[in-house]
Amino acid sequence: MQHANALNRLNRLPIGRFHKMTLFAVAFAYFFEFADINSFATTAPKLIKLWGVTVDQVAYVTSLSFVGMFFGSIVASTIADRWGRKNALLLTTVWFGVFSFAAVFSWDIVSLGAFRVLTSAGLSAMTVVAVIYVNELYPAANRGKYQAYAIVIGICGTPVTNLIASAVVPINDWSWRLVYLWGALGVLLVLFTRHLKESPRWYESRGDHAKADAVLREIEAQVAAEKGPLPEPAPPVEEAPVAKAPLRLLLRKKYLMPTLLLTVLWVTQTIGFFGYSSWAPTLLAKEGFSVEKSVFYVALTTVGAPLGSYLAALVTDRFERKWCLVVFGTVIALCGLCYGLTFNPLLIVVFGFLVNLFERGYTALGYAYSPELFDTRGRSLGMGVSYGLGRLSNAAGPLIVSSLYTGSGYQAVFLFIAGTWMVGAVVLAIFGPRTRPAKAKSRKAESAEV
């Protein structure tokens, strides 16, 4: 076997049950990632009353969680390159589920913080692997849409969890622990193991064309049995096997520029989104709303999240992703600012709904856009480092929010968040490369796309 031609063989496949089952499995992992990611935010108001936790302590736990996310992202890129995309997806999902379960038995803010750091490492690692996995298994013409579809389903974990939290947290002094038990159910991804295929493009990047061909034949047989005879793939483009990608690889101009751009994208997205979602329940409670009402209002706003991901699915393969990101980021900045300028419950819900809608659409677009800026050799490393640095940046984000709130008040927090989103939108508009291929692009060039 000289060349498995994985990219072109996958690109010419019609969408079948194989793709849909893969989508369902990835969406399941996303569901419990999104279910778990804001668990601390929804329980923090209760812990402030129960354990006497301060706003500064909430900030420190949240900050350290993002340090965990950074290390998780970096380790994920190594695991995905060494042991494969499928194995890495399963391992990282089980990791965050196990430590979310451990958080159920926390006895003080220090123990809960430690478990949240370890959980967050798994959450971020899983996201990096899932983005790469979808990018490498789906046809180029549809991968953006299916990346967004996975998030449409997965993001439902956020409003479901927030609604569960709003119902169970007020029951008694221990019921907040049920929120972390719910997040731990992500470990059930192991039930999908036999339905998932390893990425043929990963095998091929290692020079293992025989294994890549074997997986491709299995996939092609399933799709052909369902859809009929398959068209011939474009001829392969010969590439040398990819060696282990060292960190210094990112210093090459080919990888450095997209890594820097995506670092800005994920830094501004992380601070902008988590500055809003992680603090909204606590800040509303601090401004005089009851714990029950603050959690409930935030739960209502997150209903917009799945709709935002669906909106991204409608536009991601139709329009240039770069400009979709710019538009979505600008709208988020404006709606987030309006959210911070009102204390009217109806307007809080309306603007919060719009923030969640466009932010989740932005994230879905970012997940599709990011891996396209790298080739197979640099994809896992470049995605892991840029996404990890984005998460690491928010180690400072909660401290900034806490300082702004203490020194300048509630509205200053949302001015800062809106400004963060606008920085990301402007940088993408000026420096972001286009990723949609021109219609006149040759078949050979398409086969070499990343």
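I count a residue as buried when its relative accessible area is under 20%, as exposed when it is over 50%, and as partly exposed in between, using a 1.4 Å probe and protein chains only.

**Ground rules**

I am working on a predicted model, where local features need pLDDT of at least 70, side-chain atom pairs count only at pLDDT 80 or more, and totals for chains, interfaces and linings use all residues. Residues are numbered from 1 along each chain as its sequence is written, and side-chain values use heavy atoms, with hydrogens and water left out.

**Entry: the whole protein**

I looked up the secondary structure and found 21 helices and zero strands. Helices (H or I, at least four residues) and strands (E, at least two) are DSSP runs, numbered from the N terminus. The protein has 450 residues, and 59% of them count as buried. I then looked at contacts, meaning heavy atoms within 4.5 Å. Among contacts between residues at least 6 apart in sequence, 88% join residues at least 24 apart. The accessible surface is about 17400 Å², with 67% of it belonging to carbon and sulfur atoms. Such areas come from the Shrake-Rupley method with a 1.4 Å probe; for residues, only the protein chains shown count as cover.

**Entry: helix α11**

I picked α11, residues 209–227. Its 19 residues reach 26 Å from first C-alpha to last, close to the 27 Å expected at 1.5 Å a residue; the expected span is 1.5 Å times one less than the number of residues. Which residues of α11 are buried? I noted His 209, Ala 212, Asp 213, Val 215, Leu 216, Ile 219, Glu 220 and Val 223. They cover an arc of only 165° around the axis, so they lie on the same side of α11. The arc is taken from the directions from the helix axis to the C-beta atoms. An α-helix has 3.6 residues a turn, so residues three or four places apart point the same way. Ala 210, Arg 217 and Ala 225 are exposed on the other side of α11. The cover over the buried residues includes α1 (6–11), α2 (17–37) and α10 (200–205). After α11 comes Gly 228, with a positive phi near 95°.

**Entry: aromatic rings**

I paired rings of Phe, Tyr and Trp (its six-membered ring) if their centres lie within 6.5 Å; planes under 30 degrees apart are stacked, over 60 edge-to-face, and the rest tilted. The count by this rule is 22 aromatic pairs. Phe 101 and Phe 105 have ring centres 5.3 Å apart and planes at 80°, so they are edge-to-face. Phe 101 is partly exposed at 40% relative accessibility, and Phe 105 is exposed at 53%.

Trp 266 and Tyr 387 are also edge-to-face, at 5.1 Å centre to centre with 70° between the planes. This pair links distant parts of the chain, with Trp 266 in α12 (residues 253–277) and Tyr 387 in α18 (residues 376–393), 121 residues apart. Is Tyr 387 buried or exposed? Tyr 387 counts as buried because its relative accessibility is 1%. Trp 266 is buried as well, at 1%.

I also found Phe 24, Phe 28, Phe 31, Phe 32, Trp 182 and Phe 192 linked into a cluster by ring pairs.

**Entry: Met 21**

I found Met 21 in helix α2, partly exposed with a relative accessible area of 31%. Leaving aside neighbours within four places in sequence, Met 21 is in contact with Phe 192 and His 195. Met 21 and Phe 192 are 171 residues apart in sequence and 8.9 Å apart in space, C-alpha to C-alpha.
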